[in-house]
Amino acid sequence: MLFSLLRPPRSQRCMPTALRALGAFLFVAVCVGQARAQIGGIDSDPSDPGTGGKNTLRGNIYYANGRRADKRVKIKLRSLYGEQFTMSDDSGSFSFRRLSGGTYNVVVDAGGEFDLAYETVDFIEGARRRDDVGQTQTVQITLYPKQAAAKPVGTVDAASAGVPEEARTLYKDALDSAQTGNSKKAIEQLNAALQIYPSFMSALNELGVQHMRLKQYDRSEEAFQQALKLAPQAFTPHLNYGILLIIKKDFVKAATHLQRAAQIDGSSAAAHLNLGKAFVNLAIYNKAEKELQQAIGIGGEETIEAHRYLAAVYIETRESLRAADALEKYLSLSPKAKDADKIRGIIKQLRSQAKN
């Protein structure tokens with residue numbers, strides 16, 4: 001069994017009191033904002049100027065049943081700067097890099113059997129700093145089959161007929177409400193969509209996300225469980241449920257769902273990062289290090305937090321220099337962290353300990 005070799009954390013054995021407190025301090029992190037799928041990816045065309053900025057748009061494409069897209073599809077990006085085109089990879093991942101601030105419309109064309117799919121993303125930029133690395137936003141886009149001809153009453157084939165248009169409209173409205181931070185309104189719209197189509201997996205997943213943002217954890221858990229009953233192999237509800245379970249400190253169960261998410265989509269930095277968090281809290285440090293390093297290798301926003309958690313791993317395994325290096329990397333990526341001064345003190349303490 002995966003967790004049959006659990007042991008007390010090293011910090012409870014012989015670790016000095018100051019570093020025990022440090023390890024606990026570094027474990028603290030925010031999880032809710034990581035809902036939905038994430039991708040990494042290597043810049044396939046470094047010569048492409050994009051629209052002249054530093055921002056990155058990444059996306060994953062899924063079918064309505066929650067399964068990840070398994071073919072290459074056309075992606076168009078529209079903005080005031082004109083249009084750009086790319087193709088997703090064979091698992092539905094895509095990215096646009098070097099984007100300036102502004103509003104971008106994503107159009108996904110998966111061929112004649114699917115409706116066009118749309119998503120809108122805003123990059124809002126403040127005053128530029130020389131060390132500004134830009135923003136990264138990730139979108140999840142669901143493909144819906146084109147509506148089939150009407151069938152006799154009592155003949156329902158959800159897989160081929162797809163989600164009713166009214167339910168899809170309510171779902172899109174809910175995503176817009178969530179984008180503006182109005183989770184309560186989003187929940188109302190999602191529940192309305194589910195009244196029309198109770199088997200709407202994406203709506204159930206989003207319902208779980210919005211309840212989680214309002215700290216209504218029991219309702220969130222119920223929504224994710226229902227989504228997984230409908231689509232046991234769907235990546236996103238496994239990821240989001242795992243994040244929720246970390247918040248609830250049910251780390252064994254969290255690791256189970258996050259490991260499944262990482263198996264379904266190995267390119268998701270969010271899945272590897274959060275699985276690493278679960279392993280840290282379970283004191284399985286070798287597995288935690290592996291998952292966190294994978295998140296760093298994939299890249300994206302998750303890289304920043306992964307370095308912080310790596311530092312916690314190295315403190316627990318008494319590798320002071322590696323812990324200091326990880327924290328310095330964290331600060332280089334997040335120089336305005338609220339606890340930056342405290343972390344600098346920790347780095348000094350770690351380097352001093354390494355000399356002794």
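**Close-up views**

**View A. Lys215 sits in the loop between helix 5 and helix 6.** The model shown here is predicted. Phi of Lys215 is near 65 degrees. That is a positive value, in a residue other than glycine. Is Lys215 buried or exposed? The relative accessibility of Lys215 is 63%. The cut-off for exposed is over 50%, so Lys215 counts as exposed.

**View B. Asn205 belongs to helix 5, which covers residues 201–213.** Is Asn205 buried or exposed? Its relative accessibility is 3%. Buried means under 20%, so Asn205 counts as buried. Which residues touch Asn205, once neighbours within four places in sequence are set aside? They are Phe224, Ala227, Thr236, Pro237 and Asn240.

**View C. Helix 6 packs against helix 7.** Two packed helices are described by the angle between their axes and the distance between the axes. Helix 6 spans residues 217–230, and helix 7 spans residues 235–247. The angle here is about 155 degrees, and the axes are 10 Å apart. An angle over 145 degrees counts as roughly antiparallel, so helix 6 is roughly antiparallel to helix 7. The crossing of helix 6 and helix 7 is left-handed. By class, the contact of helix 6 with helix 7 holds nine nonpolar residues, four polar and one charged.

**View D. Helix 7 also packs against helix 8, which runs over residues 251–264.** How far apart are the axes of helix 7 and helix 8? The distance is 8 Å, and the angle is about 155 degrees. Again the angle is over 145, so helix 7 and helix 8 are roughly antiparallel to each other. Helix 7 passes helix 8 with a left-handed crossing. On helix 7, the contact uses Phe235, His238, Leu239, Tyr241, Gly242, Ile243, Leu245 and Ile246. On helix 8, the partners are Phe251, Lys253, Ala254, His257, Leu258, Arg260, Ala261 and Ile264. What classes do the residues in the contact of helix 7 with helix 8 fall into? There are 11 nonpolar, three polar and two charged.

**View E. Helix 7 crosses helix 9 at roughly 30 degrees.** Helix 9 covers residues 269–281. The axes of helix 7 and helix 9 come within 10 Å. Angles under 35 degrees count as roughly parallel, so helix 7 is roughly parallel to helix 9. The crossing of helix 7 and helix 9 is left-handed. Phe235, Leu239, Ile243 and Ile246 are the residues from helix 7. They meet Ala270, Ala271, Asn274, Lys277 and Ala278 in helix 9. The contact of helix 7 with helix 9 contains seven nonpolar residues, one polar and one charged.

**View F. Ala283 lies in the loop between helix 9 and helix 10.** What is phi of Ala283 near? It is near 65 degrees, a positive value in a residue other than glycine. Ala283 has a relative accessible area of 2%. This is under 20%, so Ala283 is buried.

**View G. Gln294 lies in helix 10, residues 285–298.** The relative accessible area of Gln294 is 32%. That falls between the 20% and 50% cut-offs, so Gln294 is partly exposed. Gln294 and Gly276 are 18 residues apart in sequence. In space, their C-alpha atoms are 9.4 Å apart.

**View H. Val133 lies in the loop between strand 6 (117–123) and strand 7 (136–143).** At 65% relative accessibility, Val133 is over the 50% cut-off and therefore exposed. How many residues separate Val133 from Thr56 along the chain? The count is 77. Their C-alpha atoms are separated by 9.8 Å.

**View I. The whole chain has 13 helices and seven strands.** The chain holds 356 residues, and 49% of them are buried. Its accessible surface comes to about 17300 Å². Carbon and sulfur atoms own 52% of that surface. Among contacts with a separation of 6 or more, 63% join residues 24 or more positions apart.

Technical notes:
Residues are numbered from 1 along each chain as its sequence is written. This is a predicted model: local features need pLDDT of at least 70, side-chain atom pairs count only at pLDDT 80 or more; totals for chains, interfaces and linings use all residues. Side-chain values use heavy atoms; hydrogens and water are left out. Axes are lines fitted to C-alpha atoms, for helices over the stretch in contact, and angles run from 0 to 180 degrees between N-to-C directions. Helices (H or I, at least four residues) and strands (E, at least two) are DSSP runs, numbered from the N terminus. Angles under 35 degrees count as roughly parallel, over 145 as roughly antiparallel, 65 to 115 as roughly perpendicular and the rest as oblique. A crossing is left-handed if the near helix is turned anticlockwise from the far one by less than a right angle, and right-handed if clockwise. Ala, Val, Leu, Ile, Met, Phe, Trp, Tyr, Cys and Pro count as nonpolar, Asp, Glu, Lys and Arg as charged, and the others, Gly among them, as polar. Buried means under 20% relative accessible area, exposed over 50%, partly exposed in between (1.4 Å probe, protein chains only). Contact means heavy atoms within 4.5 Å. Accessible areas come from the Shrake-Rupley method with a 1.4 Å probe; for residues, only the protein chains shown count as cover.
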